[in-house]
Amino acid sequence: MKILGIVLWLLATPAFALGGNNVVRFGNDTGALVVASGGKAAPLHLDPQDWPGVIRAARDLQADIQRVSGALPALKLGPAAGKQAVIVGTIGRSALVDQLIASGKLDASSIRGKWEGWMMQTIDNPMPGVSQALVIAGSDKRGTIYGIYELSEQIGVSPWYWWADVPPVRHATIAVSAAQAVSDAPVVQYRGIFLNDEAPALTGWAKQRYGGYNHRFYEKVFELILRLRGNYLWPAMWDAAFFDDDPLNGKLADEYGIVMGTSHHEPMMRAQKAWHRHGTGPWDYQRNEQVLKDFWRGGLRNTRDYEKVFTLGMRGDGDEPMSEESNVALLQRIVRDQREMITQEINPRLSEVPQAWALYKEVQEYYEKGMRVPDDVLLLWCDDNWGNIRRLPTAEERKRPGGAGVYYHFDYVGGPRSYKWLNVTPLPKVWEQMHLAWKHEATRMWIVNVGDLKPMEVPIEFFLSYAWNPAKWPAERLPEYLKLWAAREFGQEYAADIADIVSKYTRYNSRRRPEMLEPTTYSLLNYREAERVVEDYKTIAKRAQDVSAKLPAARRDAFFQLVLHPVQAGAVLNEMMVSAGQNRLYAKQGRASANALAERVRALFREDAALTRRYHTINGGKWNHMMSQTHLGYTYWNQPPRNVMPAVTEIQLPEAGDMGVAVEGSEQVWPGPGGDALAVPTLEMADGQPRFIDVFNRGSKPFAYSIRSDQRWLKVSQTKGAVTSEQRVWISANWNDVPEGEQQAMLTVSGPDGAEAKVRVPVRKQHAAPGFTETNGVVSIEAEHYARALASAGRQWLRVPDHGRTLSGMTSVEAGSAGAEQASHLEYPVVLHKAGEVTVQVTLAPTLKFQPGQGLRYGISFDDEPPQIVNVHADQSLAHWEKIVGDGAAQFTSKHRLPQAGAHTLKFWAVDPGLVVQKLVIDAGGLEPSYLGPPESPRK
C-alpha cells in the first residue's frame, strides 16, 4: 500500500512549466476538472468569431491532449455544453468568454487591456448545461494563444516536441485545479528571434525537407516561437526573401499571430534578396532615390494588412557601412522620407505604427554624433555581435515614447572570427547583459540572432523566458532554471545532473569559441592547464553518456541533440587541439610519443566527422544538414570551405631505446640545451599538490630506469620501471619529516648506458594562515570567495552563478557611480611570503561602455591604502576589443608595494556598477603564462 501511495503521488505531480504556477495533475484530484481520463476527453469550445490563430492554436492543444492521454477531445465552434468543458476565448472576440465576464463568473480585471495577457481558471456551473469548465482567456489574440500553450506545456508537451524530438510522457488522466485564477503578461513587448547566417546548415536542411524557406517551413517556426511565448521574427535572409519567396509566408505569420520584421539592414519590410531580384541601379539613395522609394513602397503595400514593425534607415548593400560620402543629414532625410511613405500607405497617425531604428555598428556612431529620429521610433540598441551590449538608454532617453530595445547575438559571421557551430553562450552571460537592459528600461523589443535555430535551443528559450518576466529569474535562480528545463525534457531523476552538464559545457565553450581554438590556446606547460581542460570536457562527456544510457530509448534522440552532441563535440575538438599542440611540443623534445599523438589527432578528426554523421542520421535523418557548419581549419575571420585537421608532426626513431626526461612547467628536456638545469615548480605544503617528471623514450625499444633522491622525506610515485613510450612520475613529500621553511632536494634519474639526469625539487614547508596563501609566487582567487562584501547606499553585490571562465562572477548592481572612498567593495585576506612590489591581475567579464561619458571603473587596494582606479574602457582600440571578445574575458593589472610580508587584505572596489569580476591574481614574481590563469590558491 505504501508503494501504491507513492506511485499515485507521482502520478499526481504537476508537470514542469518553467517557473510557472502549475495547475495540472496526473491523477484524480477532488474538485479538479478532468481534461482527459479513461480514453475520453472534455471537449474544447471556442467562438467561431474568435481569431483564426486562436482556433488554430486550440487545434494544437487538441493534438497535445491526445499525445499525452491518447484521448482526442472534440473541438467545437459554438456554445458550450456537457458536464465538463474547456472554454477558450479572447475578450471582445469570444461570446463565450464575454458571457462569463458579464455574469460575474469570470473576473478578467487582472488581464483586461494588457498586451498579451492571459488567464486560466476552473469554474463550477459557469453557464447553463455545464457543471464545470476550465476557462482559458486572453486579453488579445496572442494572450489567448499563450494561455493555450501554457496548458500544453503543463500537461507535458515541450515547446521543443518537434524541433528537438522531445516526447511527452503518457498519462491516462489529466486534471486541472485552478479555483483561483492564474494569470500572466509579458514585460518586454516584442520578443523574437532572427534566423541569420543560415547557410549551409539551416538552408540545406530547409531545402531538403521543404524545398526552401516557404510557408511549410515557417509554420514550424511560428508555432515554436509562440510555444516559447515569443511574438516576433526576423526571417532568414542570406538567400531568401520572406514575402517574395512564398505569398503564404506573410499571410500565415499574421494568422498565427507572429509580428514580422526585417533585419537591421533591410528597411521597410523589403528583403535584401528582393532588391537583388527586382531592384535596378545602385543601392544608393543619392543616385537612385526614386527607384528605392518605389521598391520600399512595394514592401508597405505587400504587408499592409499584417502586424509588423518597420525597420527604418539604411545601410550599404550586403549589411555593409554606407559609403564615406554618406552622412547624418542624408540618413535623416532617408528616415523622414520613409516615414512619409508610411503615412501615405499605412496610417497617417505615425505614432500608432511600430517603427524601429537599429543602431548597429557605425549607425550608433551617427547617433552619438547627433543624428536623431522622431521620439515615437523605437531605438534598437545592439550588442557587439559577441554578446556585449554597446549602449543602453540614458535617463533622458528613457522618456522617449518610442522606447528602446536590444538586438543580441548567439551566432555571428564576422571578425575577429565567425562562430556558428555550437552553442557557446552561457545563460549567466545572457542574464547579466539582459538584466542591464531591463534595468535601463530597454524593454520595447528584444531580438536575438540565433543562427540556424538549432543548436541554440537552450539559450533561445531562456532569452524569451527572461524577456517575458525578468523579475521571475533573479541571478540566484539561474541554476534552478536549468534544472526545471532538464526535468521537463528528460524527467526529474537526472535533472540536476543534466542541468550541471549543460551549464558546464556552455561555460567551457565560451572560454574560447571552438572556431578560435588553436593547439596552443591552453598552456601545455603551466598549471597543467591543457590537461585540465581536456579532463573537464571528458568528465562531462562521460557523465552525459552515462545519463543517455539510462534514459528511455524514446528520449535519447532529444538528449543527443540538446546535451550529448554539444558535449561530445566540444570534448573531441578540445582534445584534438591539445593533442596537436602536445604533438608539436613532444616532436620538438624528441619524444617517441609524438607519433602516437599524431595518430590520436587523426582519430579525433575522424570522430568529429562521425558525430556529425550521427546527428544527420538520428530520427530517420530528420536533421540532415543541421550540423554541416565547418569549424576546423580557419585561416582568417571567415569559415573554411572544408574542415581541415590541425597539422601534426611525426619523427623517425632510432631502434635502440634512449632515455629523455622532461619536467612540469618547462619546455627544456634532458638531454638538450638547458637540460642540465631542470627543476620542477616548488613543492608547497600549503597546497599539497604533487609535481611531476616525464621519463620518456627517444627510441623504439623499451628501456629500464631508476630514480633516487638525496632526501629521505621526498617521495616519488615509483622508483624504477620500464619505459616503452613514456612514464609520468609524481613527486610529493612526507611533510612531517620536512624541515620548516625553504628546502631543496635533488632527484637522479638513471637510464641505459649510464645515463643520468638531475632534477632539482624546491620545497617550501609553511603552515597555512588565515586567507589565501601564496604558492609558487602567486595568489589566485575566485571572486565569489570573498571574506566580506560591503555595499554602499543604494547598491548591492550579486553572485552570478557560473558567469566566469573558471567559476562565477560578482557584480555590483543598481544605477549610479560612487567615489572610490564610498564605493562597494569585496575583501579577500591573503598571505604573502615577501615584502616588495606585486602586480594584481583582475579578470572581468567583457562589458562595454553602455552609457555615455567615461568608461566603467574599478579600484584595487591592499589594507588601508587608497585604491588605484582602473578605467576598463580606456583602451578603445579594435585590437583590445578583439582580444577581450576572443578571450571571453578582459584582464587588467595594477602595481602595488607592500611594506612587509605576511597577512594583508586585498580589496576590489566597484566604483561603477555593471562590471562583473571573476578572478583576481596577485603576481609576487611567479606568475607563468596561461590562458585561464593559475588554479585557486589554498585558503584556510
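This is a predicted model: local features need pLDDT of at least 70, side-chain atom pairs count only at pLDDT 80 or more; totals for chains, interfaces and linings use all residues.
Which backbone nitrogen does the side chain of Asp 923 reach at 3.1 Å? The backbone nitrogen of Leu 927.

Residues are numbered from 1 along each chain as its sequence is written, and side-chain values use heavy atoms, with hydrogens and water left out.

**Figure 1. The whole chain.** The chain holds 20 helices and 41 strands. Here helices (H or I, at least four residues) and strands (E, at least two) are DSSP runs, numbered from the N terminus. The radius of gyration is 31 Å, close to the 30 Å that the globule rule gives for 940 residues, so the chain is as compact as a globular protein of that length. That radius is taken over C-alpha atoms, and the rule is 2.2 Å times the number of residues to the power 0.38. Along the principal axes, the C-alpha atoms fill a box of roughly 100 × 80 × 60 Å. Of the 940 residues, 60% are buried. Buried means under 20% relative accessible area, exposed over 50%, and partly exposed in between (1.4 Å probe, protein chains only). Among contacts with a separation of 6 or more, 75% join residues 24 or more positions apart. Contact means heavy atoms within 4.5 Å.

**Figure 2. Helix H4 against helix H6.** Helix H4 spans residues 141-155 and helix H6 residues 215-227. They pack at an angle of about 80°, with their axes 9 Å apart. Axes are lines fitted to C-alpha atoms, for helices over the stretch in contact, and angles run from 0 to 180 degrees between N-to-C directions. H4 and H6 are therefore roughly perpendicular to each other. Angles under 35 degrees count as roughly parallel, over 145 as roughly antiparallel, 65 to 115 as roughly perpendicular and the rest as oblique. H4 contributes Arg 142, Ile 145, Tyr 146, Tyr 149 and Ser 152 to the contact. H6 contributes Glu 223, Leu 226 and Arg 227.

Figure 3. Ser 139 lies between strand E8 (130-138) and H4. With 15% relative accessibility, Ser 139 counts as buried. Its side chain reaches the backbone oxygen of Lys 114 at 2.7 Å. Such a polar contact is a pair of N or O atoms within 3.5 Å; within protein, one must be able to donate a hydrogen and the other to accept it, and residues adjacent in sequence count only if both atoms are side-chain atoms. Leaving aside neighbours within four places in sequence, Ser 139 touches several residues, including Thr 90, Ile 111 and Trp 115.

**Figure 4. Asp 923 in strand E41.** Strand E41 covers residues 916-923 and includes Asp 923. The side chain of Asp 923 reaches the backbone nitrogen of Gly 925 at 2.8 Å. Leaving aside neighbours within four places in sequence, Asp 923 is in contact with Gly 777, Val 838 and Thr 839.

**Figure 5. Helix H20 and its cover.** Helix H20 spans residues 878-887. Its buried residues are His 880, Trp 881, Ile 884, Val 885, Gly 886 and Asp 887. Their cover includes helix H16 (495-511) and strand E39 (890-898). Just after H20, Gly 888 takes a positive phi of about 65°.
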